[in-house]
Amino acid sequence: MDLRALRYFIEVVRLNGFTRAADSLHVTQPTISKMVKALEDELGGPLLLREGRGVQLTDAGQVVYDRGQQLLAQSQLLRQEVAEVDGMARGQLSVGIMPTAGHYMAPVVAHFHALYPGVDLQVNEQGARAQRQLVLEGKLDMALGLFDAADAQLASYTIAHQKTRVAFAQHRVSDPQAPVRWDELAALPFLLYTSDFALHEAVLQHCADAGFTPRVLLQSRYWDFIGDLVAQDVGVAVMFEHVIAKYDPALVASRPLVAPEMAWDVVLMWRPGYLSRAARAWLDCVQAIYPQARPSLPNT
C-alpha cells in the first residue's frame, strides 16, 4: 500500500474536503483525487462519498481512516528509530507552539538547529487545548502548553509562570496598578481567543463563577488583532502579561485581574514513556535555555 496515498486520504477526511487537503499538503487537487482513487481501487471499493463541498466516509472508509492513522504513526516511528542509528545526523521532530508564545521557543529553535542541522523540525501552531490533544494522540512529539494544575496524562517541564491582566483602550485606565474584579467586567464587551485556546474556556468559566455570561463581540486566533481591537475600544480582553507587553502602551493599558487571580505555567509537554532521540535533544535545548525551571512528572 502506498503510504502517501493513505496520508492524502486521511488529510481529506481530517479537513473534510479535497481542496483544503490539497492546500494543506501543497499539492494540486487532481493529485489528491488521483491518489485517493488509486487507494480505493487497491482496496476494492469506495472509501469516500462527496457531499457538496465536504466528504462522508463509507463503512470501509471509516476502517481505513482509523487503521490508517495507526499505520502512519508506526511508519513515522520507524523512520525516527532508523534515523537515530545515524546519531542524529538526520531525523524528524514535530513540535507544537502556541501562537502567543513563539518568543519562548525562538531561542530554542536557533539552539537546536545549530546543534542538529540535519533534523527536519516541523512546527504546528494552534492553541494550547488543541496542542494537548495532538500530543495525547501521538500526532506531535512535544508541544508548548499551559497548565493551571498538574496534568495526570502528560509529563512536562515548566519554563515560565504567567499571570493574566485585563487589557483596555488606554484612555479607560487611570491607574494600571489598580486591580479589577471579574464581576466588574460584567457590563463590558469581551474579545476572546478561539475555543482551541486554553484561555478561552478559562475566561468563560471565571465569568460564570462571578455570576455572569460575557457578551462576546469577536473571537480570534491572533493576539495582535485582538490588541488592535482593544486599542480601538471595541472591547476588553483577558490576556497574559507577556502578550499585553507587546502592545503599544500609548494605545492599550491593562489592570491586574483578581478575585480570583488567574495564573498559568507555560510548559513543554509530552507523553510519558518513550522519547525519540530528537525529542530528547529538544528537551535538552529547552532546559539549556531555561535552566531555572524544574520538570513536573504526571500524577500517579
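This is a predicted model: local features need pLDDT of at least 70, side-chain atom pairs count only at pLDDT 80 or more; totals for chains, interfaces and linings use all residues.
Over the chain the mean pLDDT is 87, with 93% of the residues reaching 70 or more. Confidence is highest in strand E8, residues 189-193, at a mean of 96, and lowest in strand E13, residues 295-296, at 50. Please keep in mind that over residues 296-300 the pLDDT stays under 50, and that the model has twelve contacts beyond four places in sequence for this stretch.

Met 105, if we do not count residues up to four places away in sequence, touches Ile 97, Leu 144, Ile 159, Trp 282, Val 286 and Tyr 290.

Now to the largest cavity, which contains about 60 Å³ of space. Its lining comprises eight nonpolar and two polar residues, with no charged ones; among them are Met 98, Thr 100, Gly 127, Tyr 193, Phe 197 and Phe 240.

Finally, consider His 200, which sits in helix H7, residues 198-209. With a relative accessible area of 8%, His 200 falls under the 20% cut-off and therefore counts as buried. Apart from its neighbours within four places in sequence, His 200 is in contact with Leu 192, Tyr 193, Thr 194, Ser 195 and Gln 219, and Tyr 193 is also one of the residues that line the largest cavity.

Definitions and conventions: Residues are numbered from 1 along each chain as its sequence is written. Side-chain values use heavy atoms; hydrogens and water are left out. Contact means heavy atoms within 4.5 Å. pLDDT is the predictor's confidence in each residue, from 0 to 100. Helices (H or I, at least four residues) and strands (E, at least two) are DSSP runs, numbered from the N terminus. Buried means under 20% relative accessible area, exposed over 50%, partly exposed in between (1.4 Å probe, protein chains only). On a 1 Å grid over the protein atoms alone, a cavity is a set of points where a 1.4 Å probe fits but cannot get out, and a pocket is an open set with protein on both sides within 12 Å along at least five of seven lines; lining residues have an atom within 4 Å of a point. Grid points are joined across faces, edges and corners, and a volume is the space filled by probe spheres set on the points. Ala, Val, Leu, Ile, Met, Phe, Trp, Tyr, Cys and Pro count as nonpolar, Asp, Glu, Lys and Arg as charged, and the others, Gly among them, as polar.
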